[in-house]
Amino acid sequence: MRIDFNRITVKVGSNVLTRCDGTLDITRMSALVDQIAELHKAGMEIILVSSGAVASGRSEIQPDRKLDSVDQRQLFSAVGQAKLINRYYELFREHGVPVGQVLTMKESFATRRHYLNQKNCMTVMLENGVIPIVNENDTISVSELMFTDNDELSGLIASMMDVQTLIILSNINGIYNGPPADSASRIIREIGQGKDLSSYIQTTKSGFGRGGMLTKTSIARKVADEGITVIIANGKKDNILVDVIRNEKASVKDEGLEYTRFIPSSEPVSSVKKWIAHSGGFAKGELHIDDCAKRVLMSDKAVSILPIGVIAVHGEFEKDDIVRIIDSEGHSIGVGKADCNSGQAREAMGKHGKRPIVHYDYLYLE
């Protein structure tokens, strides 16, 4: 299968950019910049999602008193983000490649207007040969509204920017069919849609990041379902980015190069549905539907959520807010953009001949 690399998102994790003591690994960072600059000069548009701000700040400042986890994260990221972006700026400048900083928060993806504003900003940067370097704004993000980690953020960015490929660089070679430390375990080279990985994935979190392989596979699945190829590779390996891309383009693959590829869906997903797919965390309310409505929704037909099939409306929401779709057993089956407010939805539910509460064009089934 041929993979396009005209526009890619590269996510670099904390465990790639940090040493054992938690400080920033400048040598590794420089090596990754060399690779990205090489690909950029070859004509690729690259969006870099980089962790490392907290690690960068940790090595720069020693607090006078013991801080709780939130204060610590805010202090280290505030100091470290300035140091991190300056380091990237200097390293890329050696290659004559301009970069720009994009700090974002989960709330910035909650409304279509903010979402498109971010997309426009990065599109303009790419059109002018600038590499966007994206990170979460940890200094003002509150815990309950933070991204799970930068894996989640990279998935959102990849989807928003209509990239062909998302490359997640971790500190292991990919997804194994057993514990990575076990010599009998082998890399799963390709993962198709619907493949059950629950028996393979460990739930432990990474040493310096907030997520782990469970988060990576969950994000990879969602992004691949939207038609984007996802690759998980070892960012600590020399020349890994260039080698992976060269290998994917080759007619004969180098089987000695280990990484995992998630095969993308062949069915295209519209830009607005991509936004809706990643907006479930911002749902303002719930539409509970009956079994008949669920059966129709799960069929091959393109159908909207009509009031006749809605049995309950929970929460308060306005027109154009995101709502979650719940079946009769209480399971979430999708998300959508409401075409009316919650009061109008309650008034119309159960009735024939009313306008859709969620139109098919703004509905994403999970």
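# Reading pockets, sites and backbone in a predicted model

Q: Which strand gives the most to the lining of the second largest pocket?
A: That is strand β13 (residues 363–365), which contributes three residues to the lining. Strands here are DSSP runs of E with at least two residues, helices are runs of H or I with at least four, and both are numbered from the N terminus.

Q: What should I keep in mind about the model itself?
A: This is a predicted model, in which local features need pLDDT of at least 70 and side-chain atom pairs count only at pLDDT 80 or more, whereas totals for chains, interfaces and linings use all residues. Residues are numbered from 1 along each chain as its sequence is written, and side-chain values use heavy atoms, with hydrogens and water left out.

Q: How much space lies in the second largest pocket, and which residues are closest to its centre?
A: The general idea is that rolling a probe the size of a water molecule over the atoms shows where empty space is left. In this structure, the second largest pocket holds about 540 Å³. Its lining has 17 residues, and the closest to the centre are E267, K273, Y360, Y364 and L365. A pocket is an open set of points on a 1 Å grid over the protein atoms alone where a 1.4 Å probe fits, with protein on both sides within 12 Å along at least five of seven lines; lining residues have an atom within 4 Å of a point. The volume is the space filled by probe spheres set on the points, which are joined across faces, edges and corners.

Q: How do the residues of that lining divide into nonpolar, polar and charged?
A: Eight are nonpolar, three are polar and six are charged. Ala, Val, Leu, Ile, Met, Phe, Trp, Tyr, Cys and Pro count as nonpolar, Asp, Glu, Lys and Arg as charged, and the others, Gly among them, as polar.

Q: Where does UniProt place the feature "binding site"?
A: The unreviewed entry places it at S51, D138 and N150. These residues are spread over 100 residues of sequence, yet they cluster in space, with a largest C-alpha distance of 11.1 Å. The annotation "binding site" in the unreviewed UniProt entry also covers K11. Such positions use the numbering used here, feature names are shortened, and annotations may be inferred rather than shown by experiment.

Q: Is S51 buried or exposed, and what does it touch?
A: S51 counts as buried because its relative accessibility is 8%; buried means under 20% relative accessible area, exposed over 50%, and partly exposed in between, with a 1.4 Å probe and protein chains only. S51 sits in the loop between β2 (45–50) and α3 (53–58). Not counting residues up to four places away in sequence, S51 touches K11, V12, G13, S14, L17, L84 and N150, where contact means heavy atoms within 4.5 Å.

Q: Where does N150 lie, and which side chain does its own side chain contact?
A: N150 is in helix α6 (residues 150–160), and at 7% relative accessibility it counts as buried. Its side chain makes a polar contact with the side chain of N135 (3.1 Å). A polar contact is a pair of N or O atoms within 3.5 Å; within protein, one must be able to donate a hydrogen and the other to accept it, and residues adjacent in sequence count only if both atoms are side-chain atoms. Beyond four places in sequence, the residues that N150 touches include K11, S51 and E136.

Q: And what surrounds K11?
A: K11 belongs to strand β1 (residues 7–12) and is buried, with a relative accessible area of 4%. Leaving out residues up to four places away in sequence, K11 touches S51, N150 and K216, among others.

Q: Which backbone nitrogen lies 2.7 Å from a polar atom of the N247 side chain?
A: The backbone nitrogen of D254 does. N247 is in helix α8, and it counts as buried at 7% relative accessibility.
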